[in-house]
Structure formats: structure tokens, C-alpha cells
Amino acid sequence: MAGDPRRWQIGLIGYGEVGRILAEDLRQQEIKVCAYDIKLGGEQGVPLKEHAAKFGVVLATSHAELTAKSDFIISAVTASQAVPVAKACAAAINQGTWFLDFNSASPGAKRRAAALIDGAAGRYVEGAVMTSVPPYRIKVPLLLGGPGARELEPLLNVIGFAAKVASDKLGVSSAVKMCRSIMIKGLEAMVIESFTTARAYGVEDAVLASLAETFPSIDWEKQGAYCFQRVIEHGRRRAEEVREVAETVREAGLTPWSAQGTAERQAWMADLADEGLFGLRGSSEFARSADWRTEADRILTRINRTK
């Protein structure tokens with residue numbers, strides 16, 4: 001494997017929002033990038049292929065093909081697929097190939113994935129993405145964990161990442177991410193539930209005024225719009241992540257009442273989005289309303305229609 005990370009052949013498993021952003025920033029440095037996504041074989045793969053052609057990303061036809069030709073692999077898939085992807089890659093990984101797990105999975109899931117990759121002579125490092133990727137792009141704050149984390153950290157930062165070692169022990173960085181998500185994803189779910197209910201009773205102005213008094217540092221109008229936008233667009237992925245959060249809570253010996261409720265609310269919003277309630281997914285207007293009331297009114301109309 002090439003020692004200089006700028007000469008690596010980087011493999012991206014998962015060519016969704018995160019994968020495409022990373023591909024763009026890596027290709028801007030003329031780093032070779034190969035990608036694979038299970039959506040490539042269907043209609044959903046058309047925009048992915050167009051993006052790859054535009055940025056010079058080579059597309060693989062399987063996990064095995066991508067893994068065999070990569071010096072460094074980033075797994076950026078949905079939370080439930082973190083371990084299955086590690087298993088698929090372990091079958092073809094070359095000795096010493098780095099495997100960075102970007103996925104929002106529980107510490108237990110990360111340890112299972114690590115056992116698969118390390119057992120096949122690869123080098124597994126967990127990565128916990130600590131905030132939304134789009135504003136930061138490749139420089140999104142990234143916590144690394146595992147025995148190889150300290151060696152990988154400077155290599156990643158050479159090619160533009162903002163990586164920092166959390167621990168040499170697997171599961172620590174994921175625990176930080178999961179515990180944070182109880183709050184962040186939970187806040188999204190609470191905002192949608194609180195604001196939509198307030199709108200139904202016509203008391204939203206009073207509720208927002210009270211929140212502003214209690215938490216004056218937060219622009220609740222702006223926060224409301226952002227929460228609705230992100231959950232409408234990414235509710236399915238968020239629900240999967242929060243189910244992993246719930247598993248993390250269980251691994252600690254607690255009952256994940258808050259996390260379970262958050263996952264249900266996020267998935268419920270994803271179902272409504274899939275029905276087309278918020279417009280055509282992929283269009284320029286989808287999940288972009290600057291006023292959360294527009295989306296809340298759509299939800300309330302849908303509820304009243306089905307009563």
C-alpha cells in the first residue's frame with residue numbers, strides 16, 4: 001500500500017450525501033476514488049452515476065471489487081448496514097488496508113465490525129462524525145477510535161480531514177457520538193412534536209416566546225425550520241441511527257425510552273415524506289421551507305384527513 005495518502009486508491013462504500021461530499025473533496029485534490037452503493041443497480045442509481053461521471057469517480061459493481069482495489073476504505077452507509085458491510089469487505093480486503101467506519105452504530109456493533117476486518121488482516125478504525133457533514137464537508141469534526149487510530153489520524157489530516165483520536169479503545173468515540181445523538185436527534189423529534197401540536201392549538205407564538213425566554217441563545221424560528229428540513233430529508237437514516245443509539249443505551253443497562261420515541265417520530269416523518277406529503281423528493285423545493293409552519297400545516301391536514 002502506498003505510504004503517501006495522497007497516492008491512495010480510496011474506496012467509498014455508500015454513495016449517498018456523505019459519500020458524494022467526500023468524493024468531491026478528495027477528487028479536488030486529484031486523489032483516486034472508487035465508490036460502490038447498492039442503489040447503483042436501480043433507478044436510484046442514475047443520479048449517482050451522473051455525479052460519479054462529473055467528478056471522475058470510478059464505480060465498482062460490488063463490495064468485493066471495490067475492496068480488492070482500495071488502499072483505504074470508508075464505510076458510510078446506513079447504521080443497520082455497518083456490520084454487514086464489514087463482513088462483505090472482510091472477504092476481499094488486502095492485508096494492511098485501512099477500513100474507516102464512518103457509520104452511526106453502537107459501540108457493540110463497531111466492535112463486531114472490527115473483529116471481522118481485523119480478523120481478515122485489514123486495519124479497522126472507528127470514526128464518529130460529530131455534527132452534520134454538509135456545512136463542514138471533509139473537515140467535519142471526526143473522532144477516531146481503536147488500536148490504529150493514532151497512526152491513521154495524521155494520514156487522514158494530510159488529505160483534508162479534521163480527525164482527532166478519542167481513544168485507543170474501540171467503542172469510546174462511538175459512545176460519544178451515540179450519547180450526543182440522544183440529545184440532538186431527540187431535540188429534532190421534540191421540536192417537530194411540540195411545534196406541530198402548538199400549531200394545532202393555535203398557541204405556537206406563545207410557545208416560541210416562552211422557549212426564547214428560557215433559552216435566549218437559540219433562534220427557535222430558525223431552529224424549527226432546520227429541524228423540519230433535516231428530518232423530512234433524512235428521517236429514515238436518522239431513525240436507523242437512533243435505533244443504534246437505543247442499543248447503546250441498552251448496552252449500558254438502561255431502558256432507552258427517549259431514544260425509542262425519537263426513532264419512532266423520525267421514522268414517522270420519513271413515512272410521510274415517502275408518501276409525498278412534503279413534495280417531490282429530490283426537487284429543489286423538497287425539505288427547504290424556511291417556515292416550519294408550512295410543513296406542520298401539511299402534517300395537520302394529513303392527520304385531519306385520516307380522522
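This briefing describes salt bridges in a predicted model. Residues are numbered from 1 along each chain as its sequence is written, and side-chain values use heavy atoms, with hydrogens and water left out. Because the model is predicted, local features need pLDDT of at least 70 and side-chain atom pairs count only at pLDDT 80 or more, while totals for chains, interfaces and linings use all residues.

**Count and network**
- With a salt bridge taken as a side-chain nitrogen of Lys or Arg within 4 Å of a carboxyl oxygen of Asp or Glu, the count comes to 23.
- One network of salt bridges links D205, E221, D291 and R293.

**Pairs between helices α8 and α10**
- Helices here are DSSP runs of H or I with at least four residues, numbered from the N terminus.
- E241 and K185 form a salt bridge at 3.4 Å, N to O; because E241 lies in helix α10 (residues 220-251) and K185 in helix α8 (residues 172-201), this pair ties together parts that are 56 residues apart in sequence.
- Both E241 and K185 are buried, a term for under 20% relative accessible area, whereas exposed is over 50% and partly exposed lies in between (1.4 Å probe, protein chains only).
- E188 pairs with R238 in a salt bridge whose closest N and O atoms are 2.9 Å apart, and since E188 lies in helix α8 and R238 in helix α10, the pair ties together parts that are 50 residues apart in sequence.
- E188 is buried at 4% relative accessibility, and R238 is buried at 6%.

**A pair within helix α10**
- E247 and R250 meet in a salt bridge of 3.4 Å, N to O, and both lie in helix α10, three residues apart, which is about one turn of the helix.
- E247 is partly exposed at 31% relative accessible area, and R250 is partly exposed at 39% relative accessibility.

Note on methods: Helix = DSSP H or I, 4+ residues; strand = E, 2+ residues; numbered from the N terminus.
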